[in-house]
Amino acid sequence: MKTSGLNYRHLYFFWIVAKEGGVTRAAERLGLAVQTISMQLSALELSIGKQLLEPQGRRLVPTEAGRLAFSYCEQIFLLGDQLQDALDEAEAGKMRLTVGISDSLPKLIAFRLLQATQTMNKQVRLVCMEDEFENLLADLALGKLDVVLTDRTVRAGGSLKVFSHLLGESDMKLFGVPRLAEKYRGNFPASLHHAPLLVPTRNNALRGRIDTWLVQHKVRAEIAGEFEDNAMLNTFGRNGMGLFFAPSALAHDIEDQLGAVLVGDAPELREHFYAISNERKIRHPAIEAIISTVHSGLFAH
């Protein structure tokens, strides 16, 4: 089998050696002789006219050309695995949806959105990966993901050809453990002067809106913690480190799952939710199901 004029087997052996850091370990992993692996590597380097691996101490590491080749191999073999999985699932009557979930997106929102895929006539296998927004966009552009769920849009004019689809929005409420809620609930929001707040880091779009909201209400709260990961923020909030904002659509879940109670409403403060895809028009049936559920009132409260 050939891949762009290159022998697929040669590429595979190079990929394994680069991952294992040496021919001997690669041979042990594959159950082959060291000489066999070495011959495959030599054939690959001869066919492309470049050295791909070089010794560094007791390890073999990729050269500059090798690093480029390795990045392509990662894509090739990942997509090969995904193709095999997709074929197996299609034969079994299943549909696969590989989703990237931004670390800043409330996990309960992600669950609500993805729950819609389980109501389809065809069984959907979810593969969920959480990472920073920029990393997920790169994976989406490489075809490793079908969609990215996030709380921000993609800037216009960027180098990546991906498209933002607004799923919905929710106004925000402030929550805290009962002890803190009782202390700061009266005369809200003026009562928040010097109150401990847990907020997203400044690279999160919601943070800027929170800061503006505080200024508008002439409140000087104490920032007790800043978090990139929304789940971590909620964990600290659940344990009483400070008050925290959450979408109104999740009010009941916040109270049931985090043991936090309402401090006050912030209707001017809104959070937006997006699906980012490689397509200007969504065609994946599972993503269409998510959008349909949103339009039927997912964020109603």
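This is a predicted model: local features need pLDDT of at least 70, side-chain atom pairs count only at pLDDT 80 or more; totals for chains, interfaces and linings use all residues.

Let me begin with helix H1, which covers residues 8-20. H1 consists of 13 residues, and from its first C-alpha to its last the helix reaches 18 Å. That is close to the 18 Å expected at 1.5 Å a residue.

Which residues of H1 are buried? They are His10, Leu11, Phe13, Phe14, Trp15, Ile16, Val17, Ala18 and Glu20. After H1 comes Gly21, and the phi of Gly21 is positive, near 85 degrees.

I turn now to packing. In general terms, a pair of packed helices is described by the angle between the axes and by the distance between them. H1 packs with helix H3, residues 34-48, at an angle of about 115 degrees, and the two axes are 9 Å apart. H1 is therefore roughly perpendicular to H3. The crossing of this pair is left-handed.

Which residues make the contact between H1 and H3? From H1 they are Arg9, His10, Leu11, Phe13, Phe14 and Val17. H3 contributes Ile37, Gln40, Leu41, Ala43 and Leu44. Sorted by class, the contact of H1 with H3 has eight nonpolar residues, two polar and one charged.

The next pair is helix H2, residues 23-30, with H3. Their axes come within 9 Å and cross at roughly 115 degrees, so H2 is roughly perpendicular to H3. In this case the crossing is right-handed. On the H2 side, the contact is made by Val23, Thr24, Ala27 and Leu30; on the H3 side, by Val34, Ile37, Ser38 and Leu41. The classes in the contact of H2 with H3 are six nonpolar, two polar and no charged residues.

Is Ala289 buried or exposed? Its relative accessible area is 15%, and buried means under 20%, so Ala289 is buried. The C-alpha atoms of Ala289 and Leu114 are separated by 9.0 Å, although these residues are 175 residues apart along the chain.

Thank you for your attention.

Key
Residues are numbered from 1 along each chain as its sequence is written. Side-chain values use heavy atoms; hydrogens and water are left out. Axes are lines fitted to C-alpha atoms, for helices over the stretch in contact, and angles run from 0 to 180 degrees between N-to-C directions. Helices (H or I, at least four residues) and strands (E, at least two) are DSSP runs, numbered from the N terminus. Angles under 35 degrees count as roughly parallel, over 145 as roughly antiparallel, 65 to 115 as roughly perpendicular and the rest as oblique. A crossing is left-handed if the near helix is turned anticlockwise from the far one by less than a right angle, and right-handed if clockwise. Contact means heavy atoms within 4.5 Å. Ala, Val, Leu, Ile, Met, Phe, Trp, Tyr, Cys and Pro count as nonpolar, Asp, Glu, Lys and Arg as charged, and the others, Gly among them, as polar. The expected span of a helix is 1.5 Å times one less than its number of residues. Buried means under 20% relative accessible area, exposed over 50%, partly exposed in between (1.4 Å probe, protein chains only).
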